Amino acid sequence: PEDWPTHGVVEITNLSMRYSNKKNNPLVLKNVNFSVNSCEKIGIAGRTGCGKSSLMVALFQIEKCDPGTCIKIDGIDILTVPLSILRSRIGIIMQESLLFSETLRFNIDPFRNYSDAQIWEVLEVVSLKSAVTNMPGMLDAQIAEGGSNLSHGQRQLICFARAILRKCKVLILDEATASIDNENDERIQALLKERFKDSTILTIAHRLNTIIDCDRILIMSDGSVEEYDAPQALLANPSG
């Protein structure tokens with residue numbers, strides 16, 4: 001459907017995946033099963049190499065999953081969805097901002113689907129309007145390769161502006177605030193609560209304080225689901 005996904009319900013069943021899709025490569029995800037309700041905020045935690053970021057790789061179909069895997073969003077198996085559509089309907093913000101050597105307008109709206117007024121509106125939402133107003137060319141200001149002529153906080157806020165503009169129903173955050181200052185971190189946390197309250201969010205994090213306010217936390221260990229429950233329930237488990 002044109003408006004898919006509308007609810008953001010995620011169901012992952014028997015997810016197994018290995019890199020390079022070669023049978024002799026070890027599995028990095030092993031029979032992973034969990035579901036996410038509409039608009040639920042899920043934190044994903046675990047030690048380095050446990051499979052957290054590999055979940056993102058599977059959701060975006062960057063690597064093929066093993067036979068028997070089923071990943072559904074709003075009841076539709078993503079393996080049946082063309083990659084260009086799948087990747088345009090799910091939002092992602094990573095630790096390292098992805099910016100192009102192009103205009104600011106292109107970086108926020110690369111497919112020119114939105115008006116200048118809408119772009120200015122989201123720039124105001126992410127508190128970048130005054131900074132952009134002072135740039136030569138404003139929306140037509142040239143962004144250097146990798147956004148090197150912007151601060152790291154500004155680069156992340158531009159990525160959030162892109163996601164807000166698209167009104168992503170499913171948003172994945174992969175260490176999105178791990179290397180920015182406290183002021184911009186607080187700004188982004190406020191944005192998530194205000195602008196993505198009706199979206200399903202999967203937050204991959206190393207620091208527990210980043211995800212302690214999530215509805216549920218998924219603990220990964222050696223490519224498998226170790227625990228999955230509300231933060232209070234996990235904290236109350238002495239052997240967890």
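Predicted model: local features only at pLDDT ≥ 70, side-chain atom pairs only at ≥ 80, totals over all residues.
Student: OK, how many helices and strands does the protein chain have?
Tutor: The protein chain contains 8 helices and 10 strands.

Student: And how much space lies in the largest pocket?
Tutor: The largest pocket holds about 920 Å³ of space. Its lining is made of 34 residues, and those closest to the centre of the pocket are R87, S88, I90, R162 and R166.

Student: Which elements give two or more residues to that lining?
Tutor: Those elements are α2 (83-89), β6 (90-94), α3 (104-108) and α6 (152-166), and β6 gives the most, with 5 residues.

Student: How do the lining residues divide into nonpolar, polar and charged?
Tutor: In the lining of the largest pocket, 19 residues are nonpolar, 10 are charged and 5 are polar.

Student: Back to β6, then: what is the strand order in its sheet?
Tutor: β6 belongs to an open sheet of 6 strands, ordered β6-β7-β8-β3-β9-β10, in which the pairing is mixed. Because β6 and β10 (224-229) each have a single partner strand, they stand at the edges, and one side of each is left without a neighbour in the sheet. From one strand to the next, the twist averages 20°.

Student: Which way do β3 and β9 pair, parallel or antiparallel?
Tutor: Strand β3 (residues 41-45) pairs with strand β9 (residues 216-221) in the parallel sense, over 4 bridges, and A45 has I219 in β9 as its bridge partner.

Student: How many bridges join β4 and β5?
Tutor: Strand β4 (residues 70-73) pairs with β5 in the antiparallel sense over 2 bridges, and the bridge partner of K72 in β5 is D77.

Student: Last topic: how does the radius of gyration of the protein chain sit against that of a compact globule?
Tutor: A compact globule of 240 residues would have a radius of gyration near 18 Å, and the 18 Å of the protein chain agrees with this. The C-alpha trace spans about 55 × 40 × 30 Å along its principal axes.

Methods:
Residues numbered from 1 in each chain as written. Heavy atoms only, no water. 1 Å grid on protein atoms, 1.4 Å probe; cavity = no way out; pocket = protein on both sides within 12 Å on 5 of 7 lines; lining within 4 Å. Points joined across faces, edges and corners; volume = space filled by probe spheres on them. Nonpolar A, V, L, I, M, F, W, Y, C, P; charged D, E, K, R; others polar. Pairing = 2+ DSSP bridges. Axes fitted to C-alpha atoms, helices over the stretch in contact; angles between N-to-C directions. Rg over C-alpha atoms; globule rule 2.2 N^0.38 Å.
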